[in-house]
Every structure is written in C-alpha cells, then in structure tokens.
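Hello,

Here is the structure I promised to pass on. Please have a look at it first, and then read my notes below.

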Amino acid sequence: MTKINKSIAILTFPLLINCIGQNQLGKEIVPTAITEQVGYDTDDPAIWINHQDASKSIIIGTDKDSNGGLYAFDLNGKIINKILGLKRPNNVDLEYGLSLNGSKIDFAAVTERETNSVKLYSLPDLKEVGSFTVFDGETERSPMGISIYKNPATDEIFAIVGRKSGPSDGYLWQYKLTEKEGKITGEVVRKFGKYSGLKEIESIAVDDQLGYIYYSDELFGVHQYYADPSKGNEELLVFGKGDFKSDVEGISIYATSPTTGYILVSNQQKDTFNVYLRENPSKGKIAEVPVSTSESDGSEVTNVNLGPKFPKGIFVAMSNGKVFHIYDWRTLEEKIKTTMK
C-alpha cells in the first residue's frame, strides 16, 4: 500500500465508525421553526421570558462580524428587533430584575470582541443601558463567552466572561454588575478557571439554583466551579473527556425539578448534543441527541410553558446558514429517553 492510500484508509475508518454511531442514534430531530437569516454569522442565543404572556417570549441572538449585531426573534423565528453596527458580538446572556434608576429592569449582556467590552441592553426593547471593558491590563483579551449569575440568596448579579485565549489558570473573570451614574457597569471580583491550552474557551453556562458555573474547554472537556465568588476557586469537576468528535461547544441546562435535570453540550462536528445529568454530571454521558443544526456553536433552553405550542419549553441552537433552530423541548425529551444508556 502506498503512503497516499494508507492515509486515505486512516481517514476513512473513523468516518465509517462515526456514520455507524450516527445511525445507532436514529433520525435527527426536526425544529419547529428556523429563524430568519441574520447578516453574517449567528453564534449564541438567549431566551427572554415574557412573564405577562409567555407565548410572546423572545429569542435574543448574536450576529458575529465586525459589522455584526444583536437580534430579537419571536417564537416563530421572525426578526422583531435588532441592534446593528456592533464590533464582532460573540456571546449573549440575560437576567431579570437589576436595579437601575430606581426601577428593576431585565437586560441582555453581550461580549464585543473588537472593543474588549461587554455591552448591556434593556429587555425587551434593546436599549443600551451600560458597558464596561474586560480583562483590563492583560495582553490576551478578546472576550467571547459570557454567562450571568444571580445569587438566589442576595440577588447580586455577576457576569462571567471568557476570552479567545488566556493563561492556564485565571482564564475567566467574574464581574459584579452595579449601577453607576445611571448606567450598568461591572467590577471585577474574581479571576479563576483552568485552561488546557488545546484550543479556546467560549461557551459558559450558570446554574443559578445549584450555584455552579460550567464552561467548555473545546478539545478537552467541561469544567465545573462554584458560581458564588465567596466559595473559592477550587475546580470541582471535569466531565465529557473523550465524549466529543472534536470541539466541546454550547452548554445549556434544563431543570426538571429544583435539583434535577439535564446538561446539554454541543458535539459540534458531529451535529449532536451530548446529555449529562444536572444533579450528577460525573456519571458521564447518559444520552446523545442528533439534531438538524450544522456545526452548532451556542445554545439555550428553557423549561417554562410558552403556550400550547411549547408546553414544556424550547431548545434553541445556532446553525450554519445564519440562523437559529427552535425545537419543541418534548422532541428532545423523547429522544433523550430513547437513547439513554
């Protein structure tokens, strides 16, 4: 066998195994809706719940480009609002009930990579209500991932921010969000988080109820830390090692009770989501869900009843093609149960 043929054989064999594995998972689940296209490149979604009428809840998503934007979609995927001209917005997360000018507001926080900053917008109207720079004084900045933590005991709100590259420890910085001169700003309160050095860290998710931060170390696994800075910087767990074809990507958490549920992590190059137990991710992968998305990066999920169409909530995932796919949670739940180990 020549060297060229041997290389072909080596490349083909894992592809064959992957096809067999995909067939064993069954047919991919189909989205209920696909959003209208954005201008350049979708990356990360968040879901804002309209507490007056949950069926009118909104999906917020980033369009990642030097002339990118932040988009708002209804539950049918129609664009209903947008902010343009952002300098490579990467990830977005949101929270409810932050004090600003004597009132409580809901807001979205977006990383803007080319300005090394986080921008904040009120919800649902997408009016800018603050900003702050991140990783000040560092040579490696370029913010990517962001997740918001609201301490259930104190109502303090924090932004946990990741970056394109960074040190082997202290890769993530945590900022307390406060009001200053009528705007929201952030003050760094913690630097933490181990990094393998293999690729990058982008996706970050926080479980407010259980008090944990999770983040994807892309060619390594998922790290777990306490979300409350007062509990220290000890790494609690790394899970998912060896479970992914290549990149470990978008993380989303679905609660089935105050203490149980699922952690879904994008197996990006396989177009599946690996599923772990929220109450015990150390048990390892319990299921794998094949999806219609292509190379899914960011994702989000909610268990809130969003009306007759989505009584158990929705799962939203980015896909190539400048879109997000919107899934009825019940289709994922059924697939999880049929593929559980």
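Predicted model: local features only at pLDDT ≥ 70, side-chain atom pairs only at ≥ 80, totals over all residues.

**Salt bridges**

The side chains of R330 and D328 meet in a salt bridge, with 2.7 Å from N to O. R330 is partly exposed, at a relative accessible area of 36%, while D328 is buried, at 8%.

By the rule used here, the count comes to 15 salt bridges. Another of them links K194 and D169, whose closest N and O atoms are 3.6 Å apart. K194 sits in the loop between β13 (183-192) and β14, and D169 in the loop between β11 (157-163) and β12 (172-180), so this pair ties together parts that are 25 residues apart in sequence. K194 is partly exposed, with a relative accessible area of 38%, and D169 also counts as partly exposed, at 44%.

K312 forms a salt bridge with E333, and here the closest N and O atoms are 3.0 Å apart. Since K312 belongs to the loop between β22 and β23 (314-319) and E333 to helix α2, the pair ties together parts that are 21 residues apart in sequence. K312 counts as partly exposed at 35% relative accessibility, whereas E333 is buried, with a relative accessible area of 14%.

**Helix α2**

That brings me to the helix itself. Which residues of α2 (residues 329-339) are buried? They are W329, L332, E333, K335, I336 and T339. These residues cover an arc of only 165° around the axis, which puts them on the same side of α2. An α-helix has 3.6 residues a turn, so residues three or four places apart point the same way. On the face of α2 turned away from the buried side, you will find the exposed residues E334, K337 and T338.

Next, have a look at strand β4 (residues 68-73). Six of its six residues are buried, so β4 is largely enclosed by the rest of the structure. Both of its faces are covered: G68, L70 and A72 are buried on one side, and G69, Y71 and F73 on the other.

β4 pairs with strand β3 (residues 58-63) in the antiparallel sense over five bridges, and I60 stands opposite A72 in β4. The two strands, β3 and β4, form a hairpin with four residues between them.

β4 also pairs in the antiparallel sense with strand β5 (residues 79-86), over six bridges. In this pairing, Y71 stands opposite K82 in β5. The hairpin of β4 and β5 has five residues between the strands, and G77 in this hairpin takes a positive phi near 90°.

**The largest pocket**

Finally, the pocket. About 850 Å³ of space lies in the largest one. It is lined by 35 residues, and the closest to its centre are V206, D208, I253, E300 and V301. By class, the lining has 17 nonpolar, eleven polar and seven charged residues.

Which strand gives the largest share of the lining? That is β6, with six residues. The strands that each supply at least two lining residues are β2 (42-48), β6 (89-100), β10 (143-150), β14 (201-207), β18 (248-255) and β22 (299-302).

Best wishes

Terms used. Residues numbered from 1 in each chain as written. Heavy atoms only, no water. 1 Å grid on protein atoms, 1.4 Å probe; cavity = no way out; pocket = protein on both sides within 12 Å on 5 of 7 lines; lining within 4 Å. Points joined across faces, edges and corners; volume = space filled by probe spheres on them. Nonpolar A, V, L, I, M, F, W, Y, C, P; charged D, E, K, R; others polar. Buried < 20%, exposed > 50% of the residue type's maximum accessible area, 1.4 Å probe, protein only. Pairing = 2+ DSSP bridges. Arc of directions from axis to C-beta. Salt bridge = Lys/Arg side-chain N within 4 Å of Asp/Glu carboxyl O.
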